[in-house]
Amino acid sequence: LAVDASGTAQQLRRIDQVGCAALVHDQLDMRVLLENGPDAAGMVESCCRGLGDMDGRFQAAKVTLSRVEKALEFNPRDASAIANGAISLAIIGESERSREWAERALALEPQNYILRYNIACTYVELGDQARALDLIEDSLSHLGKDHIRHTQAGPDIAVVRDHPGFARRIADAKDRLQVDGA
């Protein structure tokens with residue numbers, strides 16, 4: 001799997017969408033990803049979580065936060081960067097600051113449903129399943145079939161999959177999009 005710096009985050013998003021976090025972890029040099037900005041470093045966090053590498057995830061979160069803070073010096077209204085920072089803050093244990101950043105990102109881009117899903121991941125990390133499920137439902141109501149698959153497979157929300165409301169939200173999204181099966 002060849003990855004160049006310009007396409008790293010996009011390739012990682014595609015790999016994550018098909019549920020191949022282990023492939024990323026095994027075949028890519030994590031140092032290269034961590035050096036390619038907050039999006040790529042944030043994907044490393046997700047991959048490490050999926051593989052149970054919590055120390056690697058913690059280290060990736062610290063790198064991501066550093067990259068985000070630098071990016072925000074240039075554009076303090078970058079909701080995507082703020083969302084990346086929010087999950088990183090949650091991972092490293094700065095819960096209150098994480099919540100503040102999450103809500104700030106949502107306020108900046110309230111109609112960005114990918115961002116809303118990413119913030120749901122932050123609330124899962126913070127242990128707020130109700131808020132996470134509300135954001136997941138909101139994103140599922142506006143995004144397509146690929147997002148349903150990602151929501152069912154992504155490691156960042158595994159904790160809420162056992163919640164009774166999760167299955168209902170997935171079923172509602174499948175009905176809306178006329179998706180059969182799992």
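Before you start clicking, keep in mind that the model is predicted.

**Stop 1: the whole chain.** You will find 11 helices and zero strands, so the order of elements reads α-α-α-α-α-α-α-α-α-α-α.

Stop 2: As background, nonpolar side chains in soluble globular proteins tend to be buried together.

Stay with I119 for a moment and display its surroundings. Leaving out residues up to four places away in sequence, I119 touches A83, A102, A105, L106 and L135.

**Stop 3: helix 6 against helix 8.** Select residues 79–91 for helix 6 and residues 113–126 for helix 8. A pair of packed helices is described by the angle between the axes and the distance between them. Here the axes come within 8 Å and cross at roughly 15 degrees. Angles under 35 degrees count as roughly parallel, and helix 6 and helix 8 are therefore roughly parallel to each other. Their crossing is left-handed.

Next, show the side chains where the two meet. Helix 6 brings A79, S80, A83, A86, I87, A90 and I91, while helix 8 brings L115, I119, C121, T122, E125 and L126. The residues of this contact divide into 10 nonpolar, two polar and one charged.

**Stop 4: a buried arginine.** Is R57 buried or exposed? Find R57 in helix 5 (residues 54–74). Its relative accessibility is 4%, so R57 counts as buried, the cut-off being under 20%. To see what surrounds R57, select E45, C48, R49, I91, E125 and D156, its contacts once neighbours within four places in sequence are set aside.

**Stop 5: helix 10 against helix 11.** Move on to helix 10 (residues 145–153) and helix 11, which pack at an angle of about 160 degrees with their axes 10 Å apart. That angle makes helix 10 roughly antiparallel to helix 11. The crossing is left-handed.

Show K145, I148, T151 and Q152 in helix 10, and then F166, I170, A173, K174 and L177 in helix 11, to see who meets whom. This contact divides into five nonpolar, two polar and two charged residues.

Stop 6: Where does Q178 lie? Look in the segment after helix 11. Q178 is exposed, with a relative accessible area of 69%. Check the backbone too: phi of Q178 is near 55 degrees, a positive value in a residue other than glycine. For context, most residues other than glycine have a negative phi.

Conventions:
Residues are numbered from 1 along each chain as its sequence is written. This is a predicted model: local features need pLDDT of at least 70, side-chain atom pairs count only at pLDDT 80 or more; totals for chains, interfaces and linings use all residues. Side-chain values use heavy atoms; hydrogens and water are left out. Axes are lines fitted to C-alpha atoms, for helices over the stretch in contact, and angles run from 0 to 180 degrees between N-to-C directions. Helices (H or I, at least four residues) and strands (E, at least two) are DSSP runs, numbered from the N terminus. Angles under 35 degrees count as roughly parallel, over 145 as roughly antiparallel, 65 to 115 as roughly perpendicular and the rest as oblique. A crossing is left-handed if the near helix is turned anticlockwise from the far one by less than a right angle, and right-handed if clockwise. Contact means heavy atoms within 4.5 Å. Ala, Val, Leu, Ile, Met, Phe, Trp, Tyr, Cys and Pro count as nonpolar, Asp, Glu, Lys and Arg as charged, and the others, Gly among them, as polar. Buried means under 20% relative accessible area, exposed over 50%, partly exposed in between (1.4 Å probe, protein chains only).
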